[in-house]
Amino acid sequence: MFAAPGAAERGRCREIARNDGPRVNGEITSRTCRLIGVDGSQLGLFGVRDALRIAQEQGLDLVEIAPNANPPVCKVLDYSKYKYEQDRKAKMARKNQARIEVKEMKFRPKIDVGDYETKKAHVMRFLKKGAKVKITIMFRGREMAHPEQGRIVLDRLAEDLKPWATVEQQPLMEGRNMHMLIAPIKGAFDVTPQGGEDTSEKKEK
């Protein structure tokens, strides 16, 4: 690949070690390009060697920003600064994304009332914090012959939590377990149904 003469001395128009991103300087394989100046102006069609020379004279890099165009579009810019800005924007975007956590609560198909209420309170607590909850029914031995009992528990839980959660994934049998995924309804915990007090935390204690 071509690198403009004197690149090492000027510190630009050299190959830059990267794992991804656009082709830069000597990595550009096209013979011609449509060149954009550092100020965003359209400079027209140039041979890549000439474009590299122009970038070198300004102490900057030649970056291929539209490789699929015919001919490719290249821009004169400070690649290190460009990469830093791109990384910073990506980091901010990830930071601003709502991180949805998935919790899991396990039930038995023949769960008693007390244990059911305790586990339901835990599920409510997870939902209140904005997490999705994977509900797992665990079958053992001969219980596998009656999967409908697990479905009854899941349907009961979905109905009990209907004011606060929606079923995102319907009950599904996988091996010896049955799963259902529920997600909190946005704003459901802001006002409790019928103006009543939210007792989910009290039940948990």
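R108 is partly exposed at 25% relative accessibility, where partly exposed lies between buried, under 20% relative accessible area, and exposed, over 50% (1.4 Å probe, protein chains only). This is a predicted model, in which local features need pLDDT of at least 70 and side-chain atom pairs count only at pLDDT 80 or more, while totals for chains, interfaces and linings use all residues. Residues are numbered from 1 along each chain as its sequence is written, and side-chain values use heavy atoms, with hydrogens and water left out.

Side chains of opposite charge can pair when their charged atoms come close. A salt bridge here is a side-chain nitrogen of Lys or Arg within 4 Å of a carboxyl oxygen of Asp or Glu, and the count by this rule is 10. Three of these pairs are listed below.

| Pair | Closest N to O distance |
|---|---|
| R108 and E143 | 2.8 Å |
| D155 and R151 | 3.0 Å |

R108 forms its salt bridge with E143. Because R108 lies in the loop between strand 5 (102-107) and helix 4 (113-128), and E143 in the loop between strand 6 (132-138) and helix 5 (147-160), the pair ties together parts that are 35 residues apart in sequence; helices (H or I, at least four residues) and strands (E, at least two) are DSSP runs, numbered from the N terminus. E143 is buried, at 15%.

D155 and R151 are 4 residues apart in helix 5, which means that about one helical turn separates them. E57 and R53 are likewise 4 residues apart, in helix 2 (residues 48-57); E57 is exposed at 51%, whereas R53 is partly exposed at 37%.
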